[in-house]
Amino acid sequence: MIKDESVEKIIDESQQGSTLALENNDNNSRKLYIESYGCQMNFSDSEIVASILAKEGFNTTQILDEADLVLVNTCSIREKAEQTVRKRLEKFNAVKKTNPGMKVGVLGCMAERLKSKFLEEEKIVDMVVGPDAYKDLPNLIQEIDEGRNAVNVILSKDETYGDVAPVRLNSNGVTAFVSITRGCDNMCTFCVVPFTRGRERSRDPQSILQEVNDLWERGFKEITLLGQNVDSYLWYGGGLKKDFEKASDMQKATSVNFAKLLELVAEAQPKMRIRFSTSNPQDMTLDVIEAMAKYENICNYIHLPVQSGSNRILKAMNRLHTREEYFELIDNIRKIIPDCAISQDMIAGFPTETEEDHQDTLSLMEYVKYDFGFMFAYSERPGTLAERKLEDDIPGATKKRRLQEIIEIQQRHSHYRTLQHLGKTEEVLIEGTSKKSDAHWMGRNSQNTVVVFPKEHYKVGDFVNVKINECTSATLIGEAVGYSKNN
Ligand code: SAH
Ligand code: F3S
């Protein structure tokens, strides 16, 4: 029986660490062990770091005990994510007793948030490197080799790593992430990201296209364009998004927004499947939805976090849209792309949230009936506006109960959505063997729903038409009826 292949979608993603290894270069003599936590951007950044360090003589390893350098790419989004990292540091400490030459570096959002304080709080740490400082790693490693601690947490106005070709780590060879923006200017009051990843800047479309073309040449079939807030992508020749007004008329006239970037990528590789994440509803425009409808290779799936269904709470969160405007956006998506899947992020128990506000969240969910969701209890983050201005006043038990109610509704809706696929024949891109059965492939349809089916003669990377016969709330189960026309 094959069940709930993708149920981990609902699990807090920041709790999952993952180690990475790649094809190694024989000339390299030192061993790098790199572990990543948190968002997709962190996993993508670790590929950039591995690429930079491959040139410095490091091969990656998955065996912690043999590492010369241990790097942990950290997440600060919720307190639990930080606790997980601190637990890992304890483990590294134990390993260091048998491997005293081992050096430990922290990368990512916790590095940026805590800066050199990290060195005092965690004696095991030799090096602290923020998300915009990875190109300085060769110098920082030289410092720690010479016995000094090293810190670089400078946030940049223009670093996008556009010129670093990421090494694809632990890749299935089929799907890849391509980052298009860094940082975020939205300042949602609960969110630490604007502090840890800096101001928003976009990457040159030419370097994005080059990376996509290169991935296609190497056999990849699907890419996800990544950013904290992809709909706000804007290239006008470089520089921060907030400085666009100061750009010349010429720069403005030739600028590329997100809808245009989607078109450029879709046309450059018409057989490549294209996804993107994440969209903030306040920045998503109709031309993006129209571009999705126009190009068959742009997948019919939008991750559209709303966080709350209450207008009062949305305002307190500095989410710059109302419940009604969100419904209008949902209606437009459904009108333009009737079979578009939509997923959410929700926060239960934001400061001052009343039972009535919570009911608004539940009723919003009933209206949208999301296909998937990522749901969290509010976690106060140091330095955010919510932490400075609002008391974290919702008791833990209440947050937990509200979160549970949200999760239960989501599970019901996920099942409602998977049931709609029964009897249909859908194109699936095969990503690998099903976790539950060696005899089955696992892939996704355009809507990003996991599909499993008997392997037969098909192989990883094939586009296959699959007839859907059964489903759980998270997985579709079917049988292949032949290659799709895209194969
Ligand atoms: N734009 C980002 C959002 C980053 S955070 C992206 O690309 O995914 C991902 C989700 O974590 C948010 O949508 C929100 O639901 C949740 N989150 C962020 N800060 C939080 C906090 N302080 N407490 C609980 N959940 C939080
Ligand atoms: Fe965070 Fe809001 Fe940006 S959730 S990443 S500040 S869009």
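# Contacts, ligand shells and backbone features

Me: Leaving aside its neighbours within four places in sequence, with which residues is lysine 271 in contact?
Reply: Contact means heavy atoms within 4.5 Å. With its neighbours within four places in sequence left aside, lysine 271 is in contact with Trp216, Lys221, Asn297, Phe463, Asn486 and Asn487.

Me: What kind of model is this?
Reply: Residues are numbered from 1 along each chain as its sequence is written, chains are lettered from A and ligands numbered from 1 in the order in which they are written, and side-chain values use heavy atoms, leaving out hydrogens and water. Local features need pLDDT of at least 70, side-chain atom pairs count only at pLDDT 80 or more, and totals for chains, interfaces and linings use all residues, for this is a predicted model.

Me: What separates the C-alpha atoms of lysine 271 and asparagine 487?
Reply: Lysine 271 is found in the loop between α9 and β14 (273–277), where helices (H or I, at least four residues) and strands (E, at least two) are DSSP runs numbered from the N terminus. Asparagine 487 is 216 residues from lysine 271 along the chain, yet the separation of their C-alpha atoms is 8.4 Å.

Me: Is lysine 271 buried, partly exposed or exposed?
Reply: Buried means under 20% relative accessible area, exposed over 50%, and partly exposed in between (1.4 Å probe, protein chains only). Lysine 271 has a relative accessible area of 38%, so it is partly exposed.

Me: Which residue caps the N-terminal end of α7?
Reply: A side-chain oxygen lies 2.9 Å from the backbone nitrogen of glutamine 206.

Me: What covers the buried residues of α7?
Reply: The buried residues of α7 are Pro205, Ser207, Ile208, Leu209, Glu211, Val212 and Leu215. Their cover includes β8 (175–179), β11 (222–226), β12 (234–235), β13 (256–257) and α9 (258–268).

Me: Which residues touch glutamate 222, not counting those up to four places away in sequence?
Reply: Glutamate 222 lies in strand β11 and counts as buried because its relative accessibility is 4%. A polar contact (a pair of N or O atoms within 3.5 Å; within protein, one able to donate a hydrogen and the other to accept it, with residues adjacent in sequence counting only if both atoms are side-chain atoms) of 3.5 Å joins the side chains of glutamate 222 and arginine 273. Not counting residues up to four places away in sequence, glutamate 222 touches Val174, Thr175, Ala176, Met272, Arg273, Arg275 and Leu429.

Me: How much of the area that ligand 1 exposes when taken alone does the protein bury?
Reply: A backbone N or O atom of glutamine 228 lies 2.4 Å from a nitrogen atom of ligand 1, and a side-chain N or O atom of threonine 278 is 2.8 Å from an oxygen atom of the ligand. Taken alone, ligand 1 exposes 540 Å² (Shrake-Rupley method, 1.4 Å probe; for residues, only the protein chains shown count as cover). The share of this area that the protein buries is 88%.

Me: How do the residues of the shell around ligand 1 divide by class?
Reply: The ligand is surrounded by 14 residues, with Gln228, Thr278, Gln307, Asp345 and Ser379 the closest, a residue being near if one of its heavy atoms lies within 4 Å. Ala, Val, Leu, Ile, Met, Phe, Trp, Tyr, Cys and Pro count as nonpolar, Asp, Glu, Lys and Arg as charged, and the others, Gly among them, as polar. The shell around ligand 1 divides into six nonpolar, five polar and three charged residues.

Me: What is omega of the peptide bond from serine 277 to threonine 278?
Reply: Threonine 278 has its place in the loop between β14 and α10 (286–294). The peptide bond from serine 277 to threonine 278 is cis, with omega near 10 degrees.

Me: What is phi of methionine 187?
Reply: Methionine 187 is found in the loop between β9 (181–182) and α6 (193–197) and is among the residues around ligand 2. Although methionine 187 is not a glycine, its phi is positive, at about 55 degrees.
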